[in-house]
Amino acid sequence: MLDKLITTHDLSDAELLRFFSEPQEEAPLFAAADAVRREYYGDEVYMRGLIEFTNICKNDCYYCGIRRSNSHAVRYRLTDAEILACCDEGYDLGYRTFVLQGGEDGFFTDDKICAIVSAIKAAHPDCAVTLSIGEKSRESYQAYYDAGARRYLLRHETADPVHYRKLHPAEMSLENRKRCLFDLKAIGYQVGSGFMIGSPYQTPETLLSDIRFLQALCPAMIGVGPYITHRETPFAEMPPGELHFSLRIVALLRLMFPKALIPATTAFASLHAEGRELALRAGANVVMPNLSPVTVRKHYDLYENKVCLGDEAAHCRGCMERRIASAGYRAVVAVGDSLV
Ligand code: SAH
């Protein structure tokens, strides 16, 4: 199976189902993933500055700690000036990509988002702006693009309609999520999608649909990370995703999508002290250190035990660079477009 993955970058449905249900030997799998990433991206690991600018959300996803029904969440939104100050600080630290992520917060109308994107582009024309603000109309996505945004992160979460229903309330739909992703691509965005590993009710069959969906979408970035339980959600009793299974999925994704950017996500770091390094060695090639003001960090509480809550941006940058080096790679702050 590994030989076929290395030579064809694909597997049959039956092989993928076997991959998801039987533990694979890790050393050869990770070595193959590492060889592919070095072939396409060398030893570079791209750093993106993440700004979590609002945790107010109209959605009620059953897995997420900032869902609207969590009345214990302490809600915040950054002002335009605060968001710009985060970018300025990030710029001085060398970052050339800013990722603005938030809940689906109606306060941030399209006009407000466009004004923020334009202001960042005006202050830092050599930087890429990534948005991750959920499901919008095609017109809204077009307006953000026209304002200067070029990348958009929107995980599909699961490509199986029955599984999607188990993770989200009735007012959300997989069809709309997919519509958003294809609209974003059609407009010309570099699109990131992905899913949680070990989310409640996930099966080998739902993972197979995730892979086939990603092959149809051809995203520039594939973001995955272990599901981590949050006690103030309906899934409070559900176990988190398993570290080693999650790492094997990263390696599989690297082998199947050699040109994709694959982040070593905060969820990996939150599940294991060296989770990021392990994900990098399994094929990931992006990290997204936090640039949000330390005062709000702990409130962007998607899941429990989220790491890096108390670290100043400058500290994060140094820490991340050391971790990347210790995993055997080189931190790069350049814009870093994907090869897809
Ligand atoms: N509102 C934006 C940002 C969502 S938060 C959007 O809809 O895209 C970013 C990602 O965090 C989500 O896409 C989800 O995959 C992940 N996430 C949410 N809750 C999580 C949990 N409990 N464990 C692990 N990852 C989670």
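Guide: Two strands count as paired if DSSP finds at least two bridges between them. Keep that cut-off in mind. This is a predicted model.

Start with strand β1, residues 44–47. β1 pairs with β9 in the parallel sense, over three bridges. Look along this pair for Val45. Val45 stands opposite Ala331 in β9.

Now widen the view. β1 and β9 belong to an open sheet of three strands. The order is β8-β1-β9, and the pairing is parallel. In general, strands of a sheet pair through backbone hydrogen bonds, either parallel or antiparallel. Next, find the edges. They are β8 (286–287) and β9 (330–332). Each edge strand has a single partner strand, so one side of each is left without a neighbour in the sheet.

A helix joins the picture here. Helix α14, residues 313–326, packs on the sheet. α14 touches β1, β8 and β9. The direction of α14 makes about 160° with that of β1. Angles over 145 degrees count as roughly antiparallel.

For contrast, turn to a pair of helices. The axes of α5 (residues 110–123) and α6 (residues 138–147) come within 8 Å. They cross at roughly 20°. α5 and α6 are therefore roughly parallel to each other. The crossing of α5 past α6 is right-handed. On the α5 side, the contact is made by Asp110, Ile113, Cys114, Val117, Ser118 and Lys121. On the α6 side, Ser140, Ala143, Tyr144 and Ala147 take part. By type, the residues of this α5 and α6 contact divide into six nonpolar, two polar and two charged.

Terms used:
Residues are numbered from 1 along each chain as its sequence is written. This is a predicted model: local features need pLDDT of at least 70, side-chain atom pairs count only at pLDDT 80 or more; totals for chains, interfaces and linings use all residues. Side-chain values use heavy atoms; hydrogens and water are left out. Axes are lines fitted to C-alpha atoms, for helices over the stretch in contact, and angles run from 0 to 180 degrees between N-to-C directions. Helices (H or I, at least four residues) and strands (E, at least two) are DSSP runs, numbered from the N terminus. Angles under 35 degrees count as roughly parallel, over 145 as roughly antiparallel, 65 to 115 as roughly perpendicular and the rest as oblique. A crossing is left-handed if the near helix is turned anticlockwise from the far one by less than a right angle, and right-handed if clockwise. Contact means heavy atoms within 4.5 Å. Ala, Val, Leu, Ile, Met, Phe, Trp, Tyr, Cys and Pro count as nonpolar, Asp, Glu, Lys and Arg as charged, and the others, Gly among them, as polar.
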